[in-house]
Structures are given as C-alpha cells and as structure tokens.
Amino acid sequence: MEKHYSRKFAHVLCFFILVIFGFILAVDAPQAAQEKKPCFNLTIKEFASNYDATAKSCDSEQRVNIAKQEEATTMLVMSASNGALISTNAEGKISSILYIGTGDGTVKSGANIITGIIFTIAAIKPEWEPSKRGDVMRELGLLGNDGNLPKSSQTVMDGVQFTFSFSQEIGVMLGIDPLK
C-alpha cells in the first residue's frame with residue numbers, strides 16, 4: 001500500500017512541477033518573444049509525430065498526448081512515467097524542451113524513462129541516426145554505467161545543448177535547447 005501511495009505522490013509531484021515550470025515559462029514568454037532566440041525548425045505537432053513514430057518503431061506503447069496548451073507553453077504526457085514542457089516562439093517553432101521522468105522504483109518505469117529520453121531526442125532531431133542518439137546518452141552518462149545515473153551532466157552536439165539532472169525526490173529532468 002505504501003508503494004502505491006509513493007507512486008501517486010510522485011505523479012502528483014511531477015504534474016505540480018510541470019505546472020509551475022509552465023507558469024514560469026508563460027510569464028517569461030512575452031519578454032522572450034522580444035529577443036530573437038534560437039529554435040528548432042519543428043512544431044509541437046511535428047515533434048509529437050516524430051516521437052510517436054519512433055516509439056512505434058520500437059514497439060513501445062508510449063505516445064504523445066497534449067495535456068495542456070497555453071500561448072507559448074505546452075505540457076505533454078507520453079506515459080505514466082514521462083512528460084515534457086515545451087516552449088515555442090511566435091511562429092510556433094520549438095524553442096525549448098524540458099523532459100521530466102518520474103518512476104515508481106520498478107524496472108519498467110526506469111526503462112520507460114530512459115526510452116522516453118531516447119524518443120525525445122529522436123523527435124527533436126529525427127535526422128540523427130540511432131547511434132548518434134546513443135552518443136548523446138553516453139555523453140550524459142545515461143548508458144554504460146551499471147544503471148547509476150549522474151546527479152547532473154551536460155553535453156552539446158551539433159548545436160543542441162542537453163542538460164540532465166536527477167534526484168530521488170523529483171526524478172529525471174532533461175533540458176534540450178538549440179544554441180543556433
């Protein structure tokens with residue numbers, strides 16, 4: 001019973017964090033619109049299509065569902081363990097992604113989080129080969145380390161910055177931002 005409560009709490013906490021980040025991004029959106037920030041040449045609809053296609057090709061049941069959309073911020077849910085907050089510019093192009101994964105301590109939820117990160121990278125950069133996605137995961141310390149996640153890591157590949165953080169209380173967060 002305690003495990004079920006902890007899982008519910010983790011999901012509520014994740015949702016609360018997404019809402020707070022969404023509010024912060026929405027408040028900053030008008031100011032950010034004045035500055036010309038780099039963006040991916042991708043809309044939320046295209047991102048969702050890319051994510052779903054990659055998940056389907058890997059026989060995963062994860063799919064993108066738009067949970068909430070306000071002006072320049074959209075909250076996505078991909079599974080019980082995965083979600084994302086996406087910021088867009090005035091033209092509807094993605095300017096930032098914050099992926100959040102919360103697990104319940106099971107291998108399945110952990111696998112959903114890691115595959116969700118891979119699907120997110122594939123969705124934002126569909127032209128990248130799977131090996132290049134693996135390179136990003138290795139650079140972040142998410143592969144080949146006996147399942148121990150780093151507290152934080154960062155890498156830049158082809159003009160895309162990936163910033164990873166992990167805590168037992170919140171879970172996994174991965175920021176993906178274009179640099180040019």
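Trainee: Let's start with Glu71. Is Glu71 buried or exposed?
Mentor: Glu71 is exposed, with a relative accessible area of 76%. Keep in mind that this is a predicted model.
Trainee: Got it. Where does Glu71 lie?
Mentor: Glu71 lies in the loop between E1 and strand E2, which covers 73–77. E1 and E2 form a hairpin with two residues between the strands.
Trainee: And what is phi for Glu71?
Mentor: Phi of Glu71 is near 40°, so a positive value, and Glu71 isn't a glycine.
Trainee: How many bridges join E1 to E2?
Mentor: Five bridges, and the two strands run antiparallel.
Trainee: Which residue forms a salt bridge with Lys68?
Mentor: That's Glu70, and the closest N and O atoms are 3.2 Å apart. Lys68 is partly exposed, at 43% relative accessible area, and Glu70 counts as partly exposed too, at 41%.
Trainee: Why can side chains like that pair?
Mentor: Opposite charges can pair when the charged atoms come close.
Trainee: How many salt bridges does a search of the whole structure find?
Mentor: Four. Another one is between Glu127 and Lys125, where the closest N and O atoms are 3.3 Å apart. Glu127 is exposed at 52%, whereas Lys125 counts as buried at 16% relative accessibility.
Trainee: Which side chain meets Asp135 in a salt bridge?
Mentor: Arg138, at 3.2 Å from N to O. Asp135 and Arg138 are three residues apart in helix H4, so about one helical turn separates them. Asp135 is partly exposed at 34%, and Arg138 is partly exposed at 47%.
Trainee: While we're on H4, which residues of that helix are buried?
Mentor: Arg133, Gly134, Val136 and Met137. They cover an arc of only 155° around the axis, so they sit on the same side of H4.
Trainee: What do those buried residues pack against?
Mentor: They pack against H2, H3, strand E5 (152–157) and E6. Just after H4 you'll find Gly141, with a positive phi of about 85°.
Trainee: Switching topic: how many residues are in the largest nonpolar core?
Mentor: There are 33, and the ones with the most contacts inside that core are Phe47, Ile94, Ile117 and Phe162. Several elements supply at least two residues each, including helix H2 (44–57), helix H3 (107–124), helix H4 (130–139) and strand E6 (160–167). H3 gives the most to this core, with six residues.
Trainee: Say I click on Phe162. What is Phe162 in contact with, leaving aside its neighbours within four places in sequence?
Mentor: Quite a list, including Ile121, Trp128, Val136, Leu140, Met157, Leu174 and Ile176.
Trainee: One last thing. Where is Asp59?
Mentor: Asp59 is in the loop between H2 and strand E1, which covers 65–70. Asp59 has a positive phi of about 55°, although it is not a glycine.
Trainee: And is Asp59 buried or exposed?
Mentor: Exposed: the relative accessible area of Asp59 is 72%.
Trainee: Great, thanks. I'll go and find those spots on the structure.

Methods. Residues numbered from 1 in each chain as written. Predicted model: local features only at pLDDT ≥ 70, side-chain atom pairs only at ≥ 80, totals over all residues. Heavy atoms only, no water. Core = buried A, V, L, I, M, F, W, Y, C linked by side-chain atoms within 4.5 Å. Buried < 20%, exposed > 50% of the residue type's maximum accessible area, 1.4 Å probe, protein only. Helix = DSSP H or I, 4+ residues; strand = E, 2+ residues; numbered from the N terminus. Contact = heavy atoms within 4.5 Å. Arc of directions from axis to C-beta. Pairing = 2+ DSSP bridges.
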